[in-house]
Amino acid sequence: MNAPGLRRQDMSAPDAGNLPGHHRDPQGSAVNTQAGWRRLAGRSLWVSGAKSLALVAGAAAGLTRFLLGQDWQAGGIVAACAGAAVLIVAAVLAYDLARLRTTRWRLTPERLELRSGLTTRQHRSLPRDRVRSVDLRADPILRIFGLTVVKVGTGEHAGDHTELKLDPLVRKDAETLRRTLLHQDEEREARDGPLAELRWSWIRYAPLSVWTFTASALVLGALYKPLNAIGLKSVTSRVANDLWGWIAAQPLTAVPLLLAVNLSVGALGAALLFAESWGRYRLEHEPGRLRLRRGLLTTRSLTLEVRRLRGVEISEPLLLRLGGGARVKTVATGLGEKARNETEDAAALAPPLPRDLAWRLAAEVASAGGAHPAGVPGSRVIAGGTALIPHPRAARRRRVVRALPATALVAAAAGVASWSAPWPWVRAWVWLIPVVVLVAGMWGAVESARNLGHALGARHLVSRRGVVVRQTVALDRKGISGWTITESYFQRRSGLLTVSATTSAGRGHYEVVDVGRETGLELASRAVPGLLEPFLVRGTTVAKQ
Amino acid sequence: MSTTMLRPPRNQADPRVIPWWTVQWLLLMAPIAVAAVAAYWIFTEHPLWLGAAVAVFAVACVVLALVAPRAYYRVERWEVTGEAVYTRKGWLTHTWRVAPMSRIQRVDTARGPVQRLFGLADVTVTTASSAGAVKIEGLDRAVAAELAERLTAITQATPGDAT
């Protein structure tokens, strides 16, 4: 519960007794000067009012359906709906009012403090010198009212308890708070222009994901239940029946047409999602930190201290790779895997973008991590993707051999099927499956071996692996906090081993897979001078294991 | 041709780990063997070939429980220098771990109930990485305590925030 640097305590009665004094403050949502305690933005009431309308719509639909079943007159139904609407809105407003009235925050020279809680009073405070991130997030309704939600984090753990959330503040106050907490002068902001900015042509990479093929089917499935629930069951089942009849009658036209519709809906969805997540994307290098702004409807502003950066990762999922695109992610300490209700993971630095741009951005971000501009040569290794050293042929042999049992298994299954299946067409065609598996397996094995690689730059250890998602990670050599070297029985026979650099950032460990024994050990020994050296033996004498 | 290899760490676990691990393995394996024999006795018609197979399985379980600890004892080694903690373990898959003193965040000693009977303790060295814990198993209790103290002292003397 108690994270370092964070005090958390339940408030006792005397403090709660203080509060009525605040309530009489004529300034409303503005600054309450008494001891510096401030309120959240009072306009939040409008926002919660507007959001409660969604609840009202759902409730009204349900109520109407229920009352229609009870043979009510139209007037009665309207009255009931209106009553329910008033009740819901009033309840939401009352709750939000109580929340706003009981929440206070203040910024002292040392700490940021927040008092909150309707039933359980809480007092949380964050030392200002530990503040590492100030993130702003505003959904469309908040934006209409000029408000934004502020999250202040220490960046030590991804957990909830190291974050203070001010929900919501007026946008101008939020920006001021951000700048004050991060010790930033307005003029010094973004001196060199952005590191990257959105180009709408990148949207062509958006549909290059598995979701494009599956999303519309998933959405249909998810919609089916709610549509039934609000009384459209007869409609949905009739549509489904007609559709099925059509497919059965004319499979040769229906199936390709449906697949095409599925694909285009998926692609459209992916493009819309891309636009929402990455519209107005802008990555800036401010002194000591990176600032990422994105979002067309819901705007987000994320700050990442360069001190927390331990490297960059270029991730190329198969489809995106075939399309010539790549993604750039950070390897940083204290980032959660995925923030709740976010479609992008917290480490993402850029939307899918052309490969050469991705390499350039990665190199720039990697060099931003250094205190000295002399760090740039290290990024040259990242920039020249071809400079990676491939791994021995034994690595490929290992993968090919590993792919064979799967093929044998599938072939055996196909044999059984062809022998026992009652339909003749199954018997004729089933042999295609093992052939496809064999080809795919061999391709995967060769591609996987081809993707293996490593390099040692002035500042980074670069390693690459993966078939389905090819990941190239440049890990800051200073960020390596140990080595784990593994050698399985089969690796030992082929003279290979896997060198894993452990680190406090990102996934926690990054591997150089199936590298030649000597190359791997020398690589580890040179990457962090002096750490592995005392444990190595060199020379022709074969050490007894 | 020159070769580069990792040399084995200098120290072995306390010899008492062999009986301790044997007890652990037996606690795991004996019920399996007994269950197999019981299942044969209760649920089958006692065919001879199945009886032989079950007997071989039960004996193999017990033999494994007796042999495996000795094998592991031979391969598990550890070493602590002024700069790093270095361990090796694994029989089929060898695993070497190195953690520098400057990155060590926490040093723990742990003694399980059975372990206590043998006067043994484990020392776990945790770094900031989620994957970086290095465990030295089966040390003499006094050696473990002394090692933990030494590691803590070195770690505190090393500057840096260990991330």
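Reply: What follows starts with the conventions, goes on to the contact and its sheet, and then turns to the surroundings.

This is a predicted model, in which local features need pLDDT of at least 70 and side-chain atom pairs count only at pLDDT 80 or more, while totals for chains, interfaces and linings use all residues. Residues are numbered from 1 along each chain as its sequence is written, and chains are lettered from A and ligands numbered from 1 in the order in which they are written.

The contact between the chains takes 31 residues from chain A and 28 residues from chain B, where two residues are in contact if their C-beta atoms, placed from the backbone, lie within 7 Å. On the side of chain B that touches chain A, the elements giving two or more residues are strand 1 (3-6), strand 4 (84-89) and strand 5 (94-100) of chain B; here helices (H or I, at least four residues) and strands (E, at least two) are DSSP runs, numbered from the N terminus. Strand 5 of chain B gives the most to that side, with seven residues. By class, the residues of the side of chain B that touches chain A are 12 nonpolar, 12 polar and four charged, with Ala, Val, Leu, Ile, Met, Phe, Trp, Tyr, Cys and Pro counted as nonpolar, Asp, Glu, Lys and Arg as charged, and the others, Gly among them, as polar.

The sheet itself draws on both chains: seven strands form an open sheet in the order 21(A)-20(A)-19(A)-5(B)-4(B)-3(B)-2(B), with antiparallel pairing, two strands being paired if DSSP finds at least two bridges between them. Strand 21 (509-516) of chain A and strand 2 (11-12) of chain B stand at the edges, each with a single partner strand, so one side of each is left without a neighbour in the sheet. Helix 15 of chain A packs on this sheet and touches strand 19, strand 20 (496-503) and strand 21 of chain A, and its direction makes about 140° with that of strand 21 of chain A; axes are lines fitted to C-alpha atoms, for helices over the stretch in contact, and angles run from 0 to 180 degrees between N-to-C directions.

The join between the chains is made where strand 19 (residues 480-487) of chain A pairs with strand 5 of chain B in the antiparallel sense, over five bridges. Within this pairing, V98(B) in strand 5 of chain B has W483(A) opposite.

Strand 4 of chain B is mostly covered, since five of its six residues are buried, a residue being buried if 20 or more other C-beta atoms lie within 10 Å of its own, exposed if 12 or fewer, and partly exposed in between, with C-beta atoms placed from the backbone. On to strand 3 (residues 77-80) of chain B: four bridges join this strand to strand 4 of chain B, again running antiparallel, and R77(B) stands opposite R88(B) in strand 4 of chain B. A hairpin through three residues connects strand 3 of chain B to strand 4 of chain B.

One residue of chain A deserves a separate word. F535(A) sits in the loop between helix 15 (517-527) and strand 22 (536-539) of chain A, and because 23 other C-beta atoms lie within 10 Å, F535(A) is buried. Not counting residues up to four places away in sequence, F535(A) touches L6(B), R7(B), Y86(B) and V98(B). The C-alpha atoms of F535(A) and S525(A), 10 residues apart along the chain, are separated by 9.5 Å.

V98(B) returns in the packing as well: the largest nonpolar core has 90 residues, and A362(A) and V98(B) are those with the most contacts inside it. Such a core is a set of buried Ala, Val, Leu, Ile, Met, Phe, Trp, Tyr and Cys residues joined through C-beta atoms within 7 Å. Helix 9 (residues 355-368) of chain A supplies the largest share of this core, seven residues.
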